[in-house]
Structures are given as C-alpha cells and as structure tokens.
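Subject: Structure handover

Hello,

Here is the structure for you to take over. Please open it alongside this note.

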Amino acid sequence: MKKSRLKGRLWVLCDSQGQLLEDIDTDQIYHNAYLYITDVAQMGQYALGSLKGWKDFSRKASAGDIIVAGRNFGAGSSRQQAVDCFISLGISMIMAPSFGAIYFRNAVNSGFPVLRSAEIESLVRNKELESGDIVKVDFRQGQAINITKKISFTLESMSDVQYQIYLAGGLFRYGRKLR
Amino acid sequence: MGQTIIEKIIQSHTQEEVRPGKIVWLDLDIRSARDFGGPNVVRNYEREYGDKPVADSRKTFFTFDLCAPACSLKYADNQQLCRLFARRQNIKVFDVDQGIGSHVMIEEGLAKARTTVVGTDSHFNILGAVGSFGQGMGDVDIAFAFRTGRTWFEVPETVKIILKGKFSFPTTAKDVTLFILKNLGTSKAALKAIEFYGEALRQFSLAERITLCSMVTEMAGIIGFIPEFKAQTKAEIEKVSGVEFNPFQADEDAYYTETIGIDIDGLQPQVAAPFSPTNVRPVSDLKGVRIDSGFIGSCTNGRVEDFALASRILAGRKIKPGIMLKIAPATRLVYQQMLEKGLIKELFQSGAIIDSPGCGGCAEGHIGLTGEGEIQISSANRNFAGKQGKGQTYLASPAVVAASCVLGHIASPEDL
Amino acid sequence: MSKYKIALLPGDGVGQDIMEAAMIVLERIGLEADYVYGDIGWRFWCQEGNPLPERTISLLKETDVCLFGAITSKPKEDALKELNPDLRGRGYVYFSPIVRLRQEFDLYTNLRPCKAYAGNPLNYRDNIDLVIFRENTEGMYAGVEFYPLPDQVREALLIHPKMKKFQDVPVEEIALSTRIMTKKACSRILRRAFNYARRYKRRSVTLVEKPNVLRETGGFILEIARQMAKEYPEIEFREANIDAMAMWLVKNPQDYDVLVAENLFGDIISDLSAQLVGGLGFACSGNIGDDYALFEPTHGSAPKYSGLYKVNPIAMLLATKMMLDWLGEEDLAKNLERAVAQVIKEGKVRTYDLGGNSSTLDVAREVASKL
C-alpha cells in the first residue's frame, strides 16, 4: 500500500570528510556497462557502483532505507536505470537540495519518491543528519523528523501530480486512471 | 504581471494558470526519440498501448544520431527495432545518414520559435537557439508523450543574464559560453530558464546561438533563450529552417528571480579541464599541457562555421604527427556545405579523420573514445570522468582544438 | 511534525462516546502524535450514498495507523429506505466499510487478544490469556456465493461425483457458498501467529480447522501449518477440530495460548473467547496488514445508548493499547494495560455491564489518572 509517511534508516552520501557529495551524475549512479539490463531485479547490485567511496552500497543497503544526497543528484544524461536500481533495492526515497531535471522526472514517473529540501546542507554540516539515523518523512505535509536525534525539518511537499503518480504506481498507470 | 519567454511558451500550450513552481499539463508540438532511448520508448509503448496509434504521427519522429551508422550490434538492433515501429505507426525516421537530431529539427523547420519539442536527448534544450522550448526526457515520458501528445511540466523560474563587453578572435562563442558556465556553475541557474542579453549576443550567428544554448544543460538549466538578434541572424535562421523566425519576447514587467551581469570584455579563449565542464580556466593557464587527440564537432560546435574556423587555423599547416584529430559535422547538410566550401579536402589534407554526421564524438562506443592516459581536447560539451573512456578530455573552441593539434599541446591560435 | 499521525474514525452511535474516552487517555499517555478525524458510517451512507467516502480512504493513506469506533449496519431494505431521497434510484448500494478497508489496505490479520484481568466479575475463569489470529481476507468469507444457482456453475460442479445428488434440485431451492483458501493467505496468517508466539514466548500455537471433513481446504492449510511448525521447534504446535475447540474453550481455556484459524472459524472462536473474559465491553481487535493497521472494539454502535456515555470503554482502551504496541511504543502500551488492569481490579469505577453506574468517561478518566 502506498503511504505518504515513510520511516527508514538514512544513508547520507558524503565523502570521507563528511562533506555531502554534489553533482552525482547518472554514470556514477548506474554505469554505461550495465545499460543492457532490462530486468529491474538485476539492477540493484550496480546502484552507486561507480561512485567513489560508495561502490559497495548495494551490499550494505536494506529495503526501506532512505538516501540523502547533495545538490544536483542525478546530473547528466537520462537513463531510467539510474532510478530503477534504487527501486530494485527497495530504497524508499531520496532527499536532496536539488536533482537533475531529467532524473527527477524519471523518478516521479516511476512512482519513486524524490523530495527536495533546502535544509539538507546545513543539517548534514551540523551533523543533524547522519548515516544510520532513523528518519520519518511525511511527504504530503513536507515535514520530517530525525527520530534518532529528535530534530524536525522541512521539505518541499510532493505536488499533487507527483503524489497522484506515486499512488497510481507510475505515469502509465496514472494515465489510465485519468481516462 | 508580465511573463518571461518560457512562461509565454508554456501558457500557449496549456489551459492552466502558469506560474513558476506550478505543474501544468503541456501540449507538445513535436515528440521524438533517438536510437539512444528510442528502443525503450518502443518497448514501453508496446507494453502499455499495444498497437494503438500514436497521438499524431505527423508530430512524432525518430532521429538516429548517437551511433550513426550503428557501431555495435546492440545499436544495429536498437535502430532496426525503432525503424520497424516507425513503419507500423507511419512515423518519419531521420535515419543514420542525417546527423544530430536537434540540429535536424532546426533544419527541417520542425523546431520553430514558440513551439514545444521533446526528445531523448539531454541537450534538446539547444532548440532555445531558435526560440523553441526543447527538452530532453526519459523513455517513460517520451512513450507517454507519443501516445498522448502531452506531458506534465513544472513551470521554471527565469534568471536574466546580461553580458557586457565585446570579444574578438581568437575568442569565440564557445569561450564566452565556457566563461558563463564558470560564473554560473551548476547552481545559479539550476532548474531555471535563462534569458541571455547583451550586445555581443545580439551579434551572434545561428551557429553561435546554438553553441551557447547547447550548454545550458551543463549549467543545470532547463532552457536558454537569446531574445536579441540582428536582422542577418533572423534571415539566416529563416533560410536554414525554411520557416519564419518570430520568437516570443519577455514582457517589460516580467519577473526574474535573479539578474546576473557578466563582463566579457577582452575575454581570452577558455578551456574546461577534466572532469567538469565548469572547471574553466583561461587557455594561457593550461598552455603546454600535452595532448594526444582532438575532436571538432558535436551539437555545440558542429556547424560549417566551426569547421571553417578550424580550417583557417590549419591552413598551410599540418596536425602534429602522432596526434589524431577527428571531425564530425553535425548534419548531412553541414557535411554538404563543407564539401561545397572545400573544407573536407582541407581538413583531410591537414591530417584529420572525417566521420559521419552525428553524436559520435561524445557517445560511448564511437570516435570520441579515449584510452587510459590519453588526453583529448574537444569542442564538445561534456568531460565527466569515464564518460568517454579512461582518458581525460579538455573542452575548448574549435579554434583552440585546431591550434592545439598543430602544436601537440594546449594552445591558443595566437601561439601559432 | 509529530512522530505519528493517527486517523480517528469515530463512526456511529456509541462510537463517538468511546472515541472521546480514548482521547482522554491518549492525551495523558505522552504519545507524540497528531490526530485527524475521518468520516465513516451510516450517517454518510444516508447523506452521500457512501458509508466510506473516498476522502476518508485518502486520509488514511496519509496516516500511520487508524483507531476506529463503531458503525451501524442494517439489512439491505433498511439501507435503501434510509438513503437520502435525492440519491435514490442511482445505483448506490450499501457495503460494509470495514470489509472494504480490510481489502483496500490488505489487513489480512484479525488479531483478537482475550485476557482475563484480575477482579473482573465477568471472567469465566482466571488465567485465561488467549490470542486469536483470524485470517481476514478469504476462507468462507471470500464472498463467492450463488443464489439462485446459475446453470454453468452447476454444470461445472457436476465434475465432482458428490454433486450428482443435487443435480435436479430446482434452481431457487438451492444456495451455494464457497470456502476459498490460498497458499499466500494461509502462509502469512500462520507466519504472523508463529512469530507472535516466538516473540512473546507463548507455549503453543493451535490451528483450529476441520481437515477430516473439509479435506481439501482444511487439509491444505494443515499441511502448510505442519511444515511451518518445523521452523519453530520451541513452540508446541497443536491441531484442533473446530467442534472440539469449542468444547475445550469451555472446559479448559487456560490451557491454550495462540489460536490461528480461517475467517469463519476464527470469527466463531474469537467471539466465544471474548465472552469468557467479559464480552463486548472488553473485546478489542486489530486489523493488521504489512504496513498499516486499524484497531477497534468489536462491539457495534449500540444505537439505543448513543450519546448516553453508558457503554464500557475498556474494549476501546485495550484496542488503543494494541495500537501502541503495533506502533512500537511498548512502554506506553504496557503502561496503559497496567492502568486498565488496575482500574478493573480496584472495581471502584464500573459501567453498567459490571454492575456499576459510572459513565464511559468516568472510566476513561480513572484509567488516565493511573498513567
């Protein structure tokens, strides 16, 4: 069942100094070499496989986990697999200050929650969001709380269209409902 | 309140109220797919809609340019899959003989001023050069667009960039573009529409407008427009496209989130070093960096003027032995123009390798590939690590690429 | 934003009274939550032709859990009679909102704990502590029924030799219900029951069935249960026929722990078990899915007591305790249960069913004071 309030364990994509990684492009998220794969179930193992420091992500992540990334996550060319690999792993959502335009659309169209928040950079800097924290997000209200650290923060709430596509399970299903 | 250019284009394609941040359903004048992304568009389409007809086959196209002609078995299959679908649906295919899809759209008069055009090319916003709202999208969006003729879109904010000053040879539109990119980075214009103003831009030819608009993607922008143009440029665009060039202008009281001034007076040639197009330095900083290969072409610098400039620099000179210079015209039309002007012969005699029109210089699996340790200087628009192999790519103007290939290291034409 | 967002559906009749009672307790218990009220029940059937408006379903999807009061349900003819006249003849049909919610949110477990709290004068025996896992989506309640019996169905059934006996019964003199069991539904309800038993260290899990007569469906779930039981060697797996189970629950209910059953059998033994520990005033239930749950007292809306604050809120308060457990707030749940048990034991504040004359809210306030 699709819910607008999700709870999960965080993975904050930062470097060894704790700096958020910015401009992560779709090649780093999902490399060229695996574009031939069409079965979503097979894609998860390659997620973030070309991102320095995070190449073993697929082995560490569990279903329900939440990713926090730096600005412009999903920069570069459009490849659906860069979204599907996270769906394959059961990642429940990605939060970032901003996303690559095409990446954002691809995620919305797959019914995969992507949420923008202007607070992420300062939260990570102040260590108020760290990998391992349990966070609960209400994407209709645009609110979240870090349950581990007892800190609240805000996000841009999902627009109606994004939410309806999410509930329907993707753009095509949503299109059928429209008719 | 007045509207910016993008707001006007969107307003003319939707029934809904248009304001930045709002998502509207947008009617699409042209829906296209390439050999990249196209096969998945076809698979999505047939899975979801079976053999139902596309919304309007006269507004639906395929453009094969990533791997043209096919350089791998996979792409040969992909292209054929799309051709067969196109036949079933009575859709026109600009096949592997035509060249870069976005440029073909301009030449064919399909991407006209004030229209909305989508394709599976993240550089489709290049169509802003002719006042068209072009946008790259994934295969789910495009399959949906094929069937419905529409898509959802979030109205972007608009920023205004005003260029002050003038530039002259050896500085080119590409250098101005790289300099703007250095100033804006990937955040100032991120997810926004851009309107570029300034006398220097008013003088731009079509090729120069294309160069600047092609790298709005690297600025993380949605689309870029150059609203001011001299009469000659209007005539040129109308001649090339065969349709009237009458783009929207912003209202006097349109609202811009930010206005940024950039001074380009006396600008020197610029080069973007690995591994980001925003890693821009004056060419003098990088002079002497040894190179192994060069590339002139791409949607950014693939028009006949770009090759004419390179040819002038190579005139009477030879490419340094051991350096491989590869050239790819943007389209068949450009190739023809090059033949007529004798540029093919000149470039060939300098030592260049001439390839088919298309995206070969940038795509995986084609002439822009670099080996480990190889250093390439290219007139293209991307130099991310691993994008074209394990080597390094520096981005520059065709003039700098030509000069560097003569000397065997990064150099300005003035160094010759 | 609070940690939890809880949907409150008071419903009809005494549902409003007991929801107030629950709120008195929830306000005291220290749960970090926001509450939203939703529309459900007979009133909305009459006014809108829909006892479970779409807006309520949308609202539930934006919450973590639901606390539900009670609804009024009447036969088909009455439903049509009470429908707003402007809406008549437009094809509106009454349906059970609770059944629809179970389907919409796939709430496949119906959890019925039946515990004899010390000092409850209505306890049949002391030391009764039963937990019933009733499969909530199929079985005898899958809803695949026929009256009159269509020819194609009769034809198809004649494949089975035992149908021959009914071959010539006139169409309006024969009715058919089906009992449908799937591997998925059987497996998951059994899994829930076994995991519960392991987690709370219960001695046994008893499957209540009738495999010797209902060979195909009974045998089907029995086989799955026997296989699964091997994974829980520390738990005693028992098999009881439904008729025998009815007897054991009267004879020695304290010998049983976790019971698991198909929809109809589960319905029967959970009502029986509830009566052993005080009946409707104490019977609470959870409708639980993988990522959503709805908790309610099992009693109905008791229209004749509506608004009188007469009914016993303990069933609702125990449902609230179940909700806290499901949210993972174990300390708060234990605190609430302890407070309820204390009030029952002290016996000072009691509603009419226990021989007292305190009101619904008196009991709630007394429980709240012990938190």
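Below is what was found, starting with conventions and then going through the chains.

This is a predicted model, in which local features need pLDDT of at least 70, side-chain atom pairs count only at pLDDT 80 or more, and totals for chains, interfaces and linings use all residues. Residues are numbered from 1 along each chain as its sequence is written, while chains are lettered from A and ligands numbered from 1 in the order in which they are written.

**Confidence**

The model scores ipTM 0.86 and pTM 0.81. Chain C averages a pLDDT of 95, with 100% of the residues at 70 or above. (pLDDT is the predictor's confidence in each residue, from 0 to 100.)

**How the chains meet**

Two pairs of chains touch, and the pair A and B has the most contacts. A contact here means that the C-beta atoms of two residues, placed from the backbone, lie within 7 Å. Chains B and C do not touch; 21 Å separates their nearest C-alpha atoms.

Between A and B, 25 residues of chain A are in contact with 26 residues of chain B. On the chain A side, two elements give two or more residues: helix H5 (101–109) and helix H8 (171–178). H5(A) gives the most, with five residues. Helices (H or I, at least four residues) and strands (E, at least two) are DSSP runs, numbered from the N terminus.

By class, that side of chain A has seven nonpolar, 13 polar and five charged residues. Nonpolar covers Ala, Val, Leu, Ile, Met, Phe, Trp, Tyr, Cys and Pro; charged covers Asp, Glu, Lys and Arg; the others, Gly among them, are polar.

**Chain B**

Chain B has 14 helices and 18 strands. Its radius of gyration is 21 Å, close to the 22 Å that the globule rule gives for 416 residues, so chain B is as compact as a globular protein of that length. The radius is taken over C-alpha atoms, and the rule is 2.2 Å times the number of residues to the power 0.38. The C-alpha trace spans about 60 × 50 × 35 Å along its principal axes.

Of the 416 residues, 59% count as buried. (Buried means 20 or more other C-beta atoms within 10 Å of the residue's own, with C-beta atoms placed from the backbone.) Among contacts in chain B between residues at least 6 apart in sequence, 76% join residues at least 24 apart.

**Chain C**

Chain C has 13 helices and twelve strands. The radius of gyration is 22 Å, close to the 21 Å from the globule rule for 371 residues, so chain C is as compact as a globular protein of that length. Buried residues make up 41% of the 371.

Ten strands of chain C form an open sheet with mixed pairing, in the order E2-E1-E3-E12-E11-E4-E5-E10-E8-E9. Strands pair if DSSP finds at least two bridges between them. The edges are E2 (33–37) and E9 (236–241) of chain C, each pairing on one side only. Neighbouring strands are turned by 20 degrees against each other on average, direction ignored.

Within the sheet, E1 (4–11) and E3 (65–70) of chain C pair in the parallel sense over five bridges. C:Ile6 has C:Val65 as its bridge partner in E3(C).

Helix H10 (263–276) of chain C packs on the sheet, touching E4, E5, E8 and E10 of chain C. The direction of H10(C) makes about 155 degrees with that of E5(C). Axes are lines fitted to C-alpha atoms, for helices over the stretch in contact, and angles run from 0 to 180 degrees between N-to-C directions.

Best regards

Definitions and conventions. A residue is buried if 20 or more other C-beta atoms lie within 10 Å of its own, exposed if 12 or fewer, and partly exposed in between; C-beta atoms are placed from the backbone.
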